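Here is a friendly briefing to read alongside your viewer. Have the structure open and follow the topics in any order you like.

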Amino acid sequence: MKLARKDLLGIQELSVEEINLILDTADSFIDISTREIKKVPTLRGVTVVNLFYEPSTRTRTSFEIAAKRLSADTINIATSTSSVVKGETFIDTARNLEAMNPDIIVLRHSAAGSPHMLSRAVRQSVINAGDGAHEHPTQALLDMMTMREKKKRISGLKVAIVGDIAHSRVARSNIYGLTKMGAKVSIGGPITMMPRFIERLGVEVHYRLEDAIRNADIIMMLRIQLERQETNLFPSLREYARYYCLNRRNIAAAKDDVLIMHPGPMNRGVEISPEIADGPYSVILEQVTNGVAVRMALLYLLSGGK
Amino acid sequence: MKKRKVVMDAEGIERSLTRVAYQILEKNKGVEDLVLIGIQTGGILLAERLGKKISAIEGVPIPVGKLDITLYRDDIMRSGKQRALGKTDIPFSLNGRKVVLVDDVLFTGRTIRAAMDALMDFGRPRLIELAVLIDRGHREIPIRADFVGKNLPSSQSEEVLVKLSKRKTSDAVIIEETF
């Protein structure tokens, strides 16, 4: 079994076998990060460009650490300090990068579909690190890795995803991945944050938190994007928190051994209460640890297949 | 067409391993600080068997680990193949230890080069020795084995297959030539 593709653009295009291959490979990379010498020489001479058109600390750092632990060279381009502010177009930036012969470009962009456009414009491998409200495939892979590690399976799990589903690329990638892997997905959130026709992706739709998380094995709380507060999706943060903040009381609707996940960054007291975020069922920091392993696996698999 | 010839049977392998176990003990003057590391995949069972023999002779258990060298290969970006990763499991410190690397067949020597690089990332052994069941020649880098079960001169076109199983009954070393 091999990952016979140039790019990783989304979970939607991956087969179950490909997802399993990525997760199995990521499992093998976990222990490198716990060694005294956290580096293997595998990707010596490979150059990875992190091209980020949106702010990110976690994802960018995670890709950078993953590349460095495999001995690849990394370059970070944040567009606030690049020629983009001088008016260069996206494709021109990409062609200029291509001319410097990197091997892999990791792209985050606010426009959905931009990694696909980049992939057609350059011969390098492109990894989607989040495109608009479309997909965030590496996040879904690290989420699935964490579920598989803790619950020993994905098939048959009941996973609840709660929050601003309409604007969430994390939700979309997870819905594609989890339904493929045989999990039951239920989504919850205010009706203003629910995209139309989302049930066509094979998920249960709920508008109350307790209904969405009933009997859930996993609860994934999404970040409320505070910058959208002006757009009248909800009346006030306080009201949102009152109905949708996961806390010690409403979590009782889920299974006793429920796991709590959050893609970060958290708004404590808005979508998740501190006692849940720091509680015994929270695997939020394990998600971050597994993120490095998943990204190492992808860099490895995309470099080796040529 | 393939021509196959059995060059070592289960008994022969067993006798060779017994001799190699004694040689390891003789050269290292006992088991103090001694550890065995089998190289994935062919060296794992051999290391376990050698470990059992040495423990039985000396009456003390000796640590046995597993090493996967995939990430240290010199052809990993050139082979055009994605290689599945195996498990590395060295649940003890290598600092100051005498490490005996164990593999089934010594051929070009490149696997051993990669294994030594990998070991160095886990610590600083006092010394590294190499034990192999078969030395088939054709070295491409200056590496030699300290302990050899059987020297088996072969041609480049032949394949040397070491078949081992937990039950030992069908163990064999086979030379295979494709026409």
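A residue counts as exposed when its relative accessible area is over 50%, as buried when that value is under 20%, and as partly exposed in between. B:Arg144, at 59% relative accessibility, therefore belongs to the exposed class. Please keep in mind that this is a predicted model.

**A salt bridge in chain B**

- B:Arg144 pairs with B:Asp146 through a salt bridge, with 3.2 Å from N to O.
- The two partners fall into separate accessibility classes: B:Arg144 is exposed, whereas B:Asp146 is partly exposed at 24%.

**Salt bridges elsewhere**

- Over all chains, the search of the whole structure turns up 31 salt bridges.
- One network, joined by salt bridges that share partners, takes in A:Arg208, A:Glu210, A:Asp211 and A:Arg214.
- In chain A, A:Glu64 and A:Lys68 form a salt bridge at 2.8 Å, N to O.
- These two residues sit four residues apart in helix 2 (residues 58–69) of chain A, so about one helical turn separates A:Glu64 from A:Lys68.
- A:Glu64 is buried, at 16% relative accessibility, while A:Lys68 is partly exposed, with a relative accessible area of 37%.
- Another salt bridge links A:Arg5 to A:Glu13, and their closest N and O atoms are 3.4 Å apart.
- A:Arg5 is partly exposed at 25% relative accessible area, and A:Glu13 is partly exposed at 33%.

**Where chain B meets chain A**

- How many residues of chain B are in contact with chain A? There are 14 of them, and they touch 21 residues of chain A.
- The size of an interface is often given as the accessible area lost when the parts come together.
- Between chain B and chain A, about 1,500 Å² is buried, and carbon and sulfur atoms contribute 56% of that area.
- On the chain B side, the residues that lose the most area to chain A are B:Leu71, B:Met77 and B:Gln82, which together account for 46% of what that side buries.
- Sorted by class, the side of chain B touching chain A consists of seven nonpolar, four polar and three charged residues.

**Nonpolar cores**

- The largest nonpolar core has 90 residues, and A:Phe29, A:Leu141, A:Ile161 and B:Leu67 touch the most other members.
- Helix 10 (residues 284–304) of chain A gives the most to this core, supplying 10 residues.
- Beyond its neighbours within four places in sequence, A:Phe29 is in contact with residues of chain A including A:Leu70, A:Ala293, A:Met296, A:Ala297 and A:Tyr300.
- The contacts of A:Phe29 also include B:Leu71 and B:Leu85; B:Leu71 was named above among the chain B residues that lose the most area to chain A.
- A further core of 27 residues lies apart from the largest one, with B:Met8, B:Leu25, B:Leu34 and B:Val102 among its members.

**A buried threonine in a loop**

- B:Thr108 is found in the loop that runs between strand 4 (98–106) and helix 3 (110–122) of chain B.
- Is B:Thr108 buried or exposed? Its relative accessible area is 17%, so B:Thr108 is buried.
- The side chain of B:Thr108 reaches the backbone nitrogen of B:Arg110 at 3.2 Å.
- With neighbours within four places in sequence set aside, B:Thr108 is in contact with B:His138, B:Arg139, B:Glu140 and B:Ile141.

Conventions: Residues are numbered from 1 along each chain as its sequence is written. Chains are lettered from A and ligands numbered from 1 in the order in which they are written. This is a predicted model: local features need pLDDT of at least 70, side-chain atom pairs count only at pLDDT 80 or more; totals for chains, interfaces and linings use all residues. Side-chain values use heavy atoms; hydrogens and water are left out. Contact means heavy atoms within 4.5 Å. Buried area is the accessible area (1.4 Å probe) that two parts lose on being put together, summed over both. Ala, Val, Leu, Ile, Met, Phe, Trp, Tyr, Cys and Pro count as nonpolar, Asp, Glu, Lys and Arg as charged, and the others, Gly among them, as polar. A nonpolar core is a set of buried Ala, Val, Leu, Ile, Met, Phe, Trp, Tyr and Cys residues joined through side-chain atoms within 4.5 Å. Buried means under 20% relative accessible area, exposed over 50%, partly exposed in between (1.4 Å probe, protein chains only). A polar contact is a pair of N or O atoms within 3.5 Å; within protein, one must be able to donate a hydrogen and the other to accept it, and residues adjacent in sequence count only if both atoms are side-chain atoms. A salt bridge is a side-chain nitrogen of Lys or Arg within 4 Å of a carboxyl oxygen of Asp or Glu.
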